[in-house]
Amino acid sequence: MGPSGSGKSTLLYNLSGMDQPTAGKVWLKDQEITALSENDKAKLRRHRIGFVFQQMNMMENLNVLDNILLPALEANRRRKNRRKEKKELIDEAMSLMRKFSISGLEQRRITEVSGGQLQRACICRSMINRPEIIFADEPTGALNKSATEEVMNALSALNREGTTILMVTHDSRMASRCGRILYLLDGQLQGELTLEDCPHNSLKQREEKVSQWLAKMEW
């Protein structure tokens with residue numbers, strides 16, 4: 001979290017390998033991302049990293065299912081061994097759609113579904129290659145309250161299953177779902193809050209704690 005221009009999205013893009021930092025190093029477990037070639041970074045993003053954008057970046061000429069499948073088809077095409085049959089990939093995409101309660105929308109155009117449904121499809125797309133970590137850049141910034149709840153419930157479910165999620169948000173209610181919050185100002189880390197001691201079923205308690213902390217940060 002942090003005010004506009006504080007460096008949140010820049011940090012996210014550097015950590016995910018989409019931008020190259022001018023100094024320092026980024027590690028994903030035992031692999032230094034910043035030392036990789038552009039081709040190797042692209043391979044890393046295909047297999048180990050997922051990204052959920054605020055603007056969603058769906059292909060308008062493809063239906064919802066094909067948008068979700070696209071990264072899997074590309075990764076499969078580049079495999080040197082044990083390529084999957086397209087039916088297997090479709091089954092995996094359909095399974096994700098059921099998991100995030102958007103089954104039945106497979107053949108819809110992206111203009112024929114709600115914002116919450118489309119962003120959940122984006123989460124399915126980010127998960128199709130089973131990444132270790134998902135980067136989410138303001139994933140609910142363009143959504144209304146009910147759609148925001150849908151998306152946060154989906155992300156929370158993924159996190160409980162073991163997928164790491166690093167998210168940029170301006171929404172304190174979204175931040176209250178997280179286990180750890182970092183506050184950035186002018187590119188510098190100004191504060192940190194952990195919420196592990198607050199039960200996830202007590203959202204009101206978590207929101208109050210976040211609000212009090214953000215007030216101290218002069219949010």
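Student: Why does Cys178 count as partly exposed?
Tutor: Its relative accessibility is 22%. Buried means under 20% relative accessible area, exposed over 50%, and partly exposed in between, with a 1.4 Å probe and protein chains only. At 22%, Cys178 therefore counts as partly exposed. A word on the source: this is a predicted model, in which local features need pLDDT of at least 70 and side-chain atom pairs count only at pLDDT 80 or more, while totals for chains, interfaces and linings use all residues. Residues are numbered from 1 along each chain as its sequence is written, and side-chain values use heavy atoms, with hydrogens and water left out.

Student: Why does Cys122 count as buried?
Tutor: Cys122 has 0% relative accessibility, so it falls under the 20% limit and counts as buried.

Student: How do you know that Cys122 is in no disulfide?
Tutor: A disulfide is a pair of cysteine sulfur atoms within 2.5 Å. The search of the whole structure finds zero disulfides. For Cys122, the nearest cysteine sulfur is that of Cys124, 9.1 Å away.

Student: What makes Ser126 buried?
Tutor: Ser126 has a relative accessible area of 8%, so it is buried under the 20% rule. Ser126 lies in helix H5. Helices (H or I, at least four residues) and strands (E, at least two) are DSSP runs, numbered from the N terminus.

Student: How far is Ser126 from Ile68, in sequence and in space?
Tutor: They are 58 residues apart in sequence. C-alpha to C-alpha, they are 7.9 Å apart.

Student: What stands out in the phi of Lys29?
Tutor: Phi is near 55°, a positive value in a residue other than glycine. Lys29 lies in the loop between S1 and strand S2 (31-32). Lys29 has 66% relative accessibility, over the 50% limit, so it counts as exposed.

Student: What is the phi of Asp186, and where does the residue lie?
Tutor: Phi of Asp186 is near 50°, again positive in a residue other than glycine. Asp186 sits in the loop between S6 and strand S7 (188-194). Its relative accessible area of 63% is over 50%, so Asp186 is exposed.

Student: How do you know that S4 and S5 pair?
Tutor: Two strands pair if DSSP finds at least two bridges between them. S4 and S5 have five bridges, in the parallel sense. Five bridges meet the rule, so they pair. Within S5, Val168 stands opposite Asp137.

Student: What makes the crossover from S4 to S5 right-handed?
Tutor: The chain crosses from S4 through H6 to S5, a β-α-β crossover. Right-handed means that, with the strands pointing away from the viewer, the path from the first strand over the helix to the second runs clockwise. This crossover is right-handed.

Student: How many bridges does S3 make with S4?
Tutor: Four, in the parallel sense. Gly50 stands opposite Ile134 in S4.

Student: Which way do the residues of S3 point?
Tutor: Ile49 and Phe51 point one way, Gly50 and Val52 the other way, and all are buried. In a regular strand the side chains alternate between the two faces of the sheet.

Student: What makes a space a pocket or a cavity?
Tutor: On a 1 Å grid over the protein atoms alone, a cavity is a set of points where a 1.4 Å probe fits but cannot get out; a pocket is an open set with protein on both sides within 12 Å along at least five of seven lines. Lining residues have an atom within 4 Å of a point. Grid points are joined across faces, edges and corners, and a volume is the space filled by probe spheres set on the points. One cavity of 30 Å³ or more is counted here.

Student: What is the volume of the largest cavity, and what gives the most to its lining?
Tutor: The volume is about 60 Å³. H6 gives the most, with three residues. The lining includes Thr148, Arg173 and Leu203.

Student: How much space lies in the largest pocket, and which residues are closest to its centre?
Tutor: About 810 Å³ lies in the largest pocket. Of its 33 lining residues, the closest to the centre are Ile165, Leu166, Met167, Cys178 and Arg180.
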